[in-house]
Amino acid sequence: MTPTRARPIPIGDVALDGAEAGEGAPVILLHGALADRRIWAPHLTLLAPRLRAVAYTQRHFGPGDEAAGGAPFGVAAHARDLLAVMDALGLPRAAVVAWSYAGHVALHAALAAPGRFSRLVLHEPGVRTLPLPEPEAARVAADARAVFGPIVGAVAEGRLEEAARRLIDASGGPGHFDALPPARRAVYRDNARTLPLLLAQEEPPPMSLDDLRRLPVPVDVLWGGVSRPVTRLPAMAVAAARPGGRHEEIAGTGHLWPEEEPRAFADAILARIAG
């Protein structure tokens, strides 16, 4: 088994918690909301025999707030951090795997500096500003209200762990949070404090379908066959704007597939990056 190497990654005013394993072509794994680099621990080991796999905890996330620094919480700041991390690691170019919220981060960074990216592999990228045609836009808006309405209420009442539970249950089904192994619940609990930041984040940069069509970087999009409209339909719209990508609907899976089935997700990454 290839050992994982933990390392701080200094980028200007903060040092981000990072880890990597393996040698070869570099791939950076970006976590989504309510998470940190710990969710990628099994993936680093699975990818290491063929790639140099790197994961880091994005600014503001993680067990404490020591890596907040002076930048706001938002897509633009996290995209700047991604490019700074690549500089700190000495990576002029890398592939990026991004999940959910981080999908917008990866796309924004690639639009800003396309020459830095060899490929993007996105699982249900959360591009909130992407204009969708009707009736998809109405379905996404209605589902977003159903998902985030109870979360906003719990956050307003200061019940952050309950807000985290509602977000995970919305993705995995009722009772999903409480049925998780303790280590995975701990990651979500540790990051529950970021939910107020997520809800009040700096307005994400606008992104159009034409922007995606013009992006000179290979993009592959994955989405779950049983995912909710709020995560599945934007992913399908990104895929439709990139007809040359190796897109795939993963039958019988939902938004949490990368974490629920790390080997299958790692295989999907390897097929697209190291295949």
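Q: Which residues is Pro8 in contact with, leaving aside its neighbours within four places in sequence?
A: Pro8 is in contact with Ala15 and Leu16, where contact means heavy atoms within 4.5 Å. This is a predicted model: local features need pLDDT of at least 70, side-chain atom pairs count only at pLDDT 80 or more, and totals for chains, interfaces and linings use all residues. Residues are numbered from 1 along each chain as its sequence is written, while side-chain values use heavy atoms, with hydrogens and water left out.

Q: Where is the place of Pro8?
A: You will find Pro8 in strand E1 (residues 5-11). Helices (H or I, at least four residues) and strands (E, at least two) are DSSP runs, numbered from the N terminus.

Q: Why is Pro8 called exposed?
A: Its relative accessible area is 58%. Exposed means over 50%, buried under 20% and partly exposed in between (1.4 Å probe, protein chains only), so Pro8 counts as exposed.

Q: What makes His176 count as buried?
A: The relative accessible area of His176 is 18%, so this residue is buried. His176 belongs to helix H6 (residues 176-179). Leaving aside neighbours within four places in sequence, its contacts are Ile168, Asp169, Arg184, Leu256 and Glu260.

Q: How many aromatic pairs does a search of the whole structure find?
A: The search finds 6.

Q: Why is the pair of Trp40 and Phe265 called stacked?
A: The ring centres lie 6.1 Å apart and the planes meet at 20 degrees. Rings of Phe, Tyr and Trp (its six-membered ring) pair if their centres lie within 6.5 Å; planes under 30 degrees apart count as stacked, over 60 as edge-to-face and the rest as tilted.

Q: What makes the aromatic pair of Phe61 and Phe73 tilted?
A: The pair has 5.3 Å centre to centre and 55 degrees between the planes, and it is tilted. Phe61 and Phe73 are 12 residues apart, each in the loop between strand E4 (52-56) and helix H2 (75-88). Phe61 and Phe73 are buried.

Q: Which residues form one aromatic cluster?
A: Trp40, Trp99, Trp257 and Phe265 do.

Q: How do you know that the span of H3 agrees with its number of residues?
A: The expected span of a helix is 1.5 Å times one less than its number of residues. For the 12 residues of H3 that should be 16 Å, and the end C-alpha atoms are 18 Å apart, which agrees.

Q: Why is H3 described as largely enclosed by the rest of the structure?
A: Because 9 of its 12 residues are buried. Among them are Tyr101, His104 and Leu107. The buried residues of H3 pack against E3, H2, strand E5 (94-99), strand E6 (117-123), H8 and helix H9 (209-214).

Q: What makes H2 largely enclosed?
A: In H2, 10 of the 14 residues are buried, so the helix is largely enclosed by the rest of the structure. Val75, His78 and Met86 are among the buried ones. H2 reaches 20 Å from first C-alpha to last, close to the 20 Å expected. Gly90 follows H2 and has a positive phi, near 70 degrees.

Q: Which residues lie nearest the centre of the largest pocket?
A: Ser100, Tyr101, Gly126, Phe148 and Thr231 do, among the 41 residues of the lining. H4 gives the most to this lining, with 5 residues. On a 1 Å grid over the protein atoms alone, a pocket is an open set of points where a 1.4 Å probe fits, with protein on both sides within 12 Å along at least five of seven lines; lining residues have an atom within 4 Å of a point.
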